[in-house]
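Okay, thanks for making time for this one.

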Amino acid sequence: MPRDNSIKSILIIGSGPIIIGQACEFDYAGSQASRSLREEGIEVTLINSNPATIMTDKVTADHIYLLPLTVASLTKILEERKIDAVLPTMGGQTALNLCMKAEEMGIWKKYGVKIIGVDIHTIEVTEDREKFRKCMLEIGVGVAPSAIANSFLQGKEIAQDIGFPLVIRPSFTLGGTGAAFVHKKEEFDEALNRGLHASPIHQVLIDKAMIGWKEFELELLRDNKDNVTIICSIENFDPMGVHTGDSITVAPAMTLADTTYQKMRTMAIKMMRSIGNFAGGCNVQFAVSPDEKEDIIAIEINPRVSRSSALASKATGYPIAKIAAKLAIGYNLDELKNQITKSTSAFFEPTLDYVIVKIPRWNFDKFKGAKRELGLQMKSVGEVMAIGRSFQEALQKACQSLEIKRNGLGADGKELKKQDQIVQSLEHPSWNRIFHIYDAIKLGIPVKTINKLTHIDPWFLRQIEELILLEKEIEKYTIANIPREMMLEAKRKGYADRQIAHLLRCLESEVFKKRREEMDIKRTYKMVDTCAAEFEASTPYYYSTFEEENESIASDKKKIIVLGSGPNRIGQGIEFDYSCVHGVLAAKEMGYETIMINCNPETVSTDFNVSDKLYFEPVFWEHIYEIILNEKPEGVIVQLGGQTALKLAEKMERYGIKIIGTDFQSLDLAEDRGKFSALLRDNNIPYPKFGVVHTADEATEFSKNLDFPLLVRPSYVLGGQSMKIVINEEELEQHVISLLEDIPGNEILIDHFLQNAIEAEADAICDGKDVYIIGIMEHIEPAGIHSGDSYAVLPTFDLSDKIIKQIEEYTKRIAVALKTVGLINIQFVIKDEKVYVIEANPRASRTVPFICKAYDEPYVNYATKVMLGAKVKDFKFNPKKEGYAIKIPVFSFDKFQEVKKELGPEMKSTGEAIYFIKDLTDEYFHEVYSERNLYLSR
C-alpha cells in the first residue's frame with residue numbers, strides 16, 4: 001500500500017529536557033523521523049522544550065515550537081496550523097503520556113488530528129501493568145507471578161501472597177522511575193509508597209523477583225499488512241535486577257540457543273500483534289531462565305522508539321525511526337529500500353558479522369551520598385557503543401570509550417586487589433563491576449564462584465578469563481622479542497597500545513612505532529552494511545579491526561575530521577553533539593568531505609546520513625591517530641566536541657596534525673591560569689585574586705594571602721568537575737588532598753570567591769581580528785552556582801549599560817588576544833559595578849545552541865566557516881531579539897532519593913529547557929527570581 005496521501009502535515013512530539021532515563025536517543029529518533037517525513041513532501045511541525053538538540057533546529061523541521069510539553073501548547077499549535085496527524089512515538093514516555101492526556105481531553109478529535117505510529121488502545125495495554133498482564137495471559141505468553149496494587153493496603157496483601165524477594169514496577173513511567181527490588185519485608189513499605197507516588201495513575205505491579213534470570217530485548221517493526229521484521233536481538237550482560245539502561249548490553253545475543261531465540265522471536269511477533277493494530281516500531285523485553293530449559297517470560301513491551309532502538313539502529317545500520325515514520329504514513333516494508341545497500345528491500349532482518357557492546361556512563365561523583373548500587377531504577381547519564389569482530393575486541397573498545405581514566409579492561413595497573421572489596425562489588429553491582437570481574441578472575445577467584453555471586457552467564461566470564469590468560473603470556477616477553485602472532489592476537493582482542501605497553505614495561509609510542517609498524521600490524525576498517533557483506537553497501541559507516549582487507553578507501557578530496565564529544569555526562573551533554581553536527585554541515589557547504597569520529601549511539605552525529613564518512617570508534621588517541629593516517633585530512637576540528645576533543649589537541653600538536661580554528665597554543669593558554677591571568681593583566685582586564693598550587697601545604701600557605709571563602713578547582717576540567725567553595729583551612733586542606741588523589745600531578749587553582757556577586761557570560765565568534773558577540777546572558781542565581789545549573793536570561797535583565805559595555809569590550813579584547821578563530825565563551829562576575837573575568841574557553845560552549853534557538857541564527861555554522869577561512873564580516877547577522885529567553889536547568893535528583901538538592905560550583909543538571917517571555921513582568925520570571933538563593937550550597 002502506498003503512503004496515505006490524505007496526510008499532508010504531521011506534528012511530532014519531542015521528549016523535552018534530558019533527564020536520566022530519557023536522553024538524546026529521542027533527539028536522534030525525532031530528527032530522523034522528521035527528515036524521513038519531509039522526504040515525502042510532508043510538512044513537519046515539531047514541539048519540544050529542549051534548545052540543545054538538533055531536533056529543535058530549522059534544519060530538521062518546517063515549523064519548530066520551543067514550548068513546554070503541555071496540552072495548552074498543543075492547543076496553541078493546532079489553533080495556528082492545520083495538522084492532519086500526530087506522531088507521538090519518537091519522544092519517549094513524555095510524548096506518549098502527553099498524547100494520552102490530549103486524547104482524554106478530546107483535543108485530537110476537536111481539531112481533526114489522526115494519531116499515527118501507535119493507537120490509544122496500544123498505549124493503554126502496554127503502559128497499564130494490569131492490562132498488559134491480562135493481555136499476555138490471554139495469548140499464552142508467560143509473565144512473572146504478579147498482581148496490581150492501587151493502594152498501600154492492596155500492595156501489602158499482594159506481597160504477603162507472592163512472598164519475598166519481589167519487584168515493584170509503577171505504571172506509566174520511564175527509566176524505571178520508582179521501581180525497586182525488595183529483598184526483605186522491612187524494606188517493603190517505603191518502596192511501595194515510593195512506587196505508588198511515582199506512577200501518574202498511582203498504580204504499581206508487584207511481581208515475583210526473577211533473580212538470576214537472563215534479560216534479552218528484541219527490536220521489531222510492523223507495517224500495515226501485518227508484516228513484522230526483527231531488526232536486532234540484544235542480550236544484557238547483567239542479569240535481571242539491573243535496569244537495561246544501566247546494564248552492559250551485547251548485540252547480537254551471544255548465549256541464546258537458536259531454538260530459544262526462534263521461540264522468543266515468535267513470542268515477540270505474537271505480542272506485537274496482540275496489543276493493537278498499528279504500524280511502527282516496538283521494543284520487547286524478555287527474561288530467560290539460566291538453566292538448560294531456558295524458559296521465557298515477557299517483562300514488557302514498548303510501542304514506540306526506545307532507548308534500545310537508537311542502539312539497534314547504530315548496531316545494525318538499519319534506521320528504525322526513519323522506517324517507522326514511513327510505515328506510520330501508510331508505506332509497507334516491501335515498498336521501502338534498505339537505507340545502506342540502496343538496492344535491497346527494507347523488509348529484511350539485518351545480519352551482523354561483528355559484535356556490538358554498549359556500556360553505560362554514570363556520574364555518581366556529582367551526587368554525593370548517592371547509593372551507587374544498580375537496580376531497577378536507571379541511574380546512568382549516557383552510554384558508549386563499540387564495534388569489534390569479537391566480543392572481546394568490542395568490550396575493550398567500549399571500555400576505552402568511557403573516558404574514566406582507564407585504557408581498557410585491565411592491563412593498566414589499576415586493579416582492585418582486596419578480595420573482600422571485590423566480592424562486595426560482585427554481589428552489589430555498581431558502575432565498575434565489569435572491572436572488578438576482571439580483578440576477581442586475575443586474583444584467582446573461580447569463574448563458578450563469580451557466576452554464583454553475579455548470575456552473569458559463564459560464557460561472558462570465560463571471555464574475560466581468556467583475556468587474562470593472554471596477558472600472562474604477553475608479560476613473559478619484552479617489546480624487543482614479543483612474537484608477531486602474539487602482538488596481532490592482542491590487537492585483535494581489542495588491547496590498546498597503552499595496555500600492551502603496560503604489560504611489556506615500555507612506552508606506548510614504542511609499541512606503535514618500534515613494533516607494530518615493523519610488523520605491519522595496522523588497523524583496517526570494515527563497513528557496517530546490514531547484510532554481512534552479502535550485498536554491496538553504499539553508505540560509508542566504518543569500524544576498525546585488525547584484518548587484511550581495508551574497506552575504507554580514502555578519497556583524494558580535501559577533507560576535514562570533526563571529533564565528537566563521546567558519551568553524554570553531566571557537564572558535557574547533547575549541546576556539544578549539536579555543535580558537531582552543525583560543524584559537519586557547514587564544512588560540507590564549504591566543499592569539504594566530512595568525517596565524524598564518535599562512539600555515542602544516542603546522537604545525531606553518529607547517524608550515518610549526517611557526515612560523508614562515519615567512524616564509529618572511541619574518541620581515544622590511538623584510534624583517532626590511525627584514522628588520520630588513513631584519511632590524511634586537511635586538519636581536525638576539536639573545538640566543537642567539548643573537553644573530550646580538546647584534551648587531544650596537545651597530542652595533535654606534537655604529532656604535527658593541523659588543528660582547524662583556534663590553535664593549540666591558544667587553547668592551552670586559556671586553560672593555564674597563570675598564563676591566562678598574565679594575558680588579562682597585559683590587557684588591563686580585572687580578575688579575582690588567585691593562585692596555583694601543587695600540594696596541600698602550598699594551598700594552606702597561599703590561603704593566608706587571600707580571604708576565605710575560596711573557590712578551589714583542578715585545571716583542564718569541564719562542568720565544574722570537583723570544584724568546591726571552602727570557608728576555612730581545614731576544608732581547604734581536605735579538598736586539595738582529595739583532588740590530588742583523584743588527579744595526581746594536576747595543578748590546583750585557588751580563587752578568591754566574590755560573595756553576593758552577579759554572574760554573566762558572553763559567547764562570540766572571532767576570526768583572529770574581528771569579533772561578533774552572539775549573546776550575553778545574565779544568571780539569575782548569585783555567583784557560586786555553576787553556570788550549567790543556573791537559570792540564565794538572554795539578553796541581560798538588570799545589568800547597567802556601563803557593565804554591558806565593559807563585558808562587550810573585555811570579550812573583544814580577550815578573543816583577539818587569544819588569537820581565537822571560531823567560537824569563544826567568557827564567564828564574568830560583577831561586584832560593586834565592576835566586571836571581573838573568571839575564565840575564557842575558546843571553543844563551543846554549553847550555551848551556544850540556546851543562543852542559536854533564542855535568536856534564530858545558525859551561529860555554529862558561521863563559526864565553523866570562520867574556522868575554515870571565512871571572515872566575520874562575510875556574514876549578515878540578523879538575530880530576532882523579541883522579549884527574553886530563559887534557560888531552565890533540569891535535574892534528575894528524583895533518581896537519587898537520598899541526595900538533597902544542593903547547588904554549588906560543580907554542575908549537577910542533566911539537561912535544560914527554554915522558556916520565552918515578553919517582558920520582565922512575567923509571573924514565571926518573578927517566581928524563579930524569588931527563589932534564586934534557595935539551593936546555594938558549597
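So, which helices and strands each supply at least two residues of the lining of the second largest pocket? This is a predicted model, by the way, so keep that in mind throughout. The elements are strand 8 (180-182), helix 8 (188-198) and helix 15 (447-454). The space in that second largest pocket comes to about 1100 Å³. It has 35 lining residues, and the closest to the centre are Phe181, His183, Glu373, Leu374 and Gly375. If you sort the lining by type, you get 14 nonpolar residues, nine polar and twelve charged.

Okay, cysteines. The disulfide count here is zero. Take cysteine 599: the nearest cysteine sulfur belongs to cysteine 580, and that is 11 Å away. Cysteine 599 counts as buried because its relative accessibility is 0%. Cysteine 232 is buried as well, at 4%.

Now the aromatics, and there are 31 aromatic pairs in the structure. One of them is phenylalanine 391 with tryptophan 459: ring centres 5.7 Å apart, planes at 55 degrees, so we call it tilted. What does this pair link? Distant parts of the chain: phenylalanine 391 is in helix 12 (residues 391-401), tryptophan 459 is in helix 16 (residues 458-474), and they're 68 residues apart.

Then have a look at tryptophan 621 and tyrosine 625. That pair is stacked, with 5.2 Å centre to centre and 20 degrees between the planes. Both residues sit in helix 21 (residues 621-631), four residues apart, which is about one turn of the helix. Tryptophan 621 and tyrosine 625 are both buried.

There's also an aromatic cluster, made up of Phe364, Phe367, Phe891, Phe893 and Phe896.

Where does the charged end of arginine 673 sit? Over the ring of phenylalanine 690, 4.9 Å from the ring centre. And arginine 932 lies over the face of tyrosine 929, at 4.0 Å from the centre of that ring.

That's what I had, so let's open it up.

Technical notes: Residues are numbered from 1 along each chain as its sequence is written. This is a predicted model: local features need pLDDT of at least 70, side-chain atom pairs count only at pLDDT 80 or more; totals for chains, interfaces and linings use all residues. Side-chain values use heavy atoms; hydrogens and water are left out. On a 1 Å grid over the protein atoms alone, a cavity is a set of points where a 1.4 Å probe fits but cannot get out, and a pocket is an open set with protein on both sides within 12 Å along at least five of seven lines; lining residues have an atom within 4 Å of a point. Grid points are joined across faces, edges and corners, and a volume is the space filled by probe spheres set on the points. Ala, Val, Leu, Ile, Met, Phe, Trp, Tyr, Cys and Pro count as nonpolar, Asp, Glu, Lys and Arg as charged, and the others, Gly among them, as polar. A disulfide is a pair of cysteine sulfur atoms within 2.5 Å. Buried means under 20% relative accessible area, exposed over 50%, partly exposed in between (1.4 Å probe, protein chains only). Rings of Phe, Tyr and Trp (its six-membered ring) pair if their centres lie within 6.5 Å; planes under 30 degrees apart count as stacked, over 60 as edge-to-face and the rest as tilted. A charge sits over a ring if NZ of Lys or CZ of Arg is within 6 Å of the ring centre and within 35 degrees of the ring normal.
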